[in-house]
Amino acid sequence: MYFSDWHRKHLLSILKKYEAGQATPAEIRLVESYLDRLDELNSDADVSLNERNDLQERMKARLLQRVRAEQGQRMRTVRPRRILLWSTVAAAVLLLIGIGMYQRHQPTAPVLLAAHDKAPGHNGAVLQLSDGSSIVLDSITNGTVAMQGKVKVVKENGAIRYEGTSDQPVYNTITTDNSRQWKMLLPDGTEVWLNAASSIRYPLSFAGKERVVDITGEVYFKVVHNAAQPFKVRVGRHVIEDLGTAFNVNAYEDEPVMKTTLLEGLAKVNGTMLRPGQLAQVNKGQTQVILSQPENAGDAIVWTNGQLSLESGDVATLLRKIARWYDVKIKVNGTLPGTGFVGIIDKDVYLSSVIKALAVYGIDARLEHQTLIVSAR
């Protein structure tokens, strides 16, 4: 599993702030919850003493390796309980951020899925061809998927790419439903990741003075730059223009604003220039762009690495993410805390693990049929 440099440094910074007594309430809850999980693991009759000791030793070794790299081989003297605390967080960095040790014993086979639990989403999408026919991409094997004139559609290693060129303005559309995500290469080699409940419409060959695609939902682009043929992303009447760029666009209909986060290069949103690390927010009914410099621009694309960020700014946004990935409805009872979340969770965990992560922050949740009922503790 891949974790960005930002997330490794972020977790270490939380630990250091906790040690120094400077952590925020949310950061304190996160760190101390790991210690609680470790205590619960130690009392778990289903886990042997050898398994616990082996897990703790491996966690400590990994943590010490990270601390040496972070502090230039300078070692600190810590109390035994503190070492266990740091070991637990180190394991979270490597395994699962936000829910502690339980995931080591999380059922993985669908046959073990409890009635009150739900499996995570998966790689999959539907390809709509130019003739209107559709192909479910996650249910077919690698190889040639379709021929459209002189253009071959090829599925390879869980993604699709195009071979050949088209003389006609022929378009394809790829759509992901809730609980599905997809990666692909556009005809010009641009890499595209689609999050759950998203779509992209594009030509089989980019002709003319510019390359234009239309999207809905959330899409991450790593654009093959071509100054002679600019790359543009349309979201309704809003336009993001590439100037040599990797950027993420979050434009779900149920989100109050469209967010474009620039990771590399330069880009324009409705004519306003973005620089690396900047976030552009656009109210759906306006064209005015509000620029900001988020603490971590890389957090916008953790979903492309198979992770679900808890740092959504507000709990309502987080719940919408959960609803899309697990394909559940959300029902909120009472008033929930507005902010105060830190950490990330692997997207391949069962919903019950996410519920445990929410519990760290004083939010109770239970699944009834296909509805996640959420309330403040």
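Me: Does R161 count as buried, exposed or partly exposed, and at what relative accessibility?

Reply: Please note that this is a predicted model. Buried means under 20% relative accessible area and exposed means over 50%. R161 has 23% relative accessibility, so it counts as partly exposed.

Me: With which residue does R161 form a salt bridge?

Reply: The partner of R161 is E156, and the closest N and O atoms are 3.3 Å apart. E156 counts as partly exposed because its relative accessibility is 39%. K183 and E191 also meet through their side chains in a salt bridge, at 3.4 Å from N to O. K183 is partly exposed, with a relative accessible area of 33%, and E191 is partly exposed at 24%.

Me: Are E255 and R324 buried or exposed?

Reply: Both residues, E255 and R324, are buried. They form a salt bridge in which the closest N and O atoms are 2.8 Å apart. E255 lies in the loop between β14 and β15 while R324 belongs to helix α5, so the pair ties together parts that are 69 residues apart in sequence. Salt bridges with shared partners join D254, E255, R320 and R324 into one network.

Me: How should I read a sheet, and in what order do the three strands of the open sheet lie?

Reply: Strands of a sheet pair through backbone hydrogen bonds, either parallel or antiparallel. Here the order is β21-β24-β23, and the pairing is mixed. The edge strands, β21 and β23, each pair on one side only. Neighbouring strands of this sheet are turned by 25° against each other on average, direction ignored. β23 and β24 pair in the antiparallel sense over six bridges, and I363 stands opposite A376 in β24.

Me: Which strands does α6 touch where it packs on the sheet?

Reply: Helix α6 touches β23 and β24, and its direction makes about 160° with that of β23. Helix α5 lies across β21, β23 and β24, running at about 150° to β21.

Me: Why is α6 described as largely enclosed by the rest of the structure?

Reply: Eight of the ten residues of α6 are buried, so the helix is largely enclosed. Among these buried residues are V354, I355 and L358. Just after α6, G362 takes a positive phi of about 75°.

Me: How many residues has the largest nonpolar core?

Reply: That core has 41 residues, and those with the most contacts inside it include I174, M184 and F221. Strand β11 gives the largest share of this core, four residues. A second, separate core of 25 residues includes L318, L319, L358 and Y361.

Methods:
Residues numbered from 1 in each chain as written. Predicted model: local features only at pLDDT ≥ 70, side-chain atom pairs only at ≥ 80, totals over all residues. Heavy atoms only, no water. Buried < 20%, exposed > 50% of the residue type's maximum accessible area, 1.4 Å probe, protein only. Helix = DSSP H or I, 4+ residues; strand = E, 2+ residues; numbered from the N terminus. Pairing = 2+ DSSP bridges. Axes fitted to C-alpha atoms, helices over the stretch in contact; angles between N-to-C directions. Contact = heavy atoms within 4.5 Å. Core = buried A, V, L, I, M, F, W, Y, C linked by side-chain atoms within 4.5 Å. Salt bridge = Lys/Arg side-chain N within 4 Å of Asp/Glu carboxyl O.
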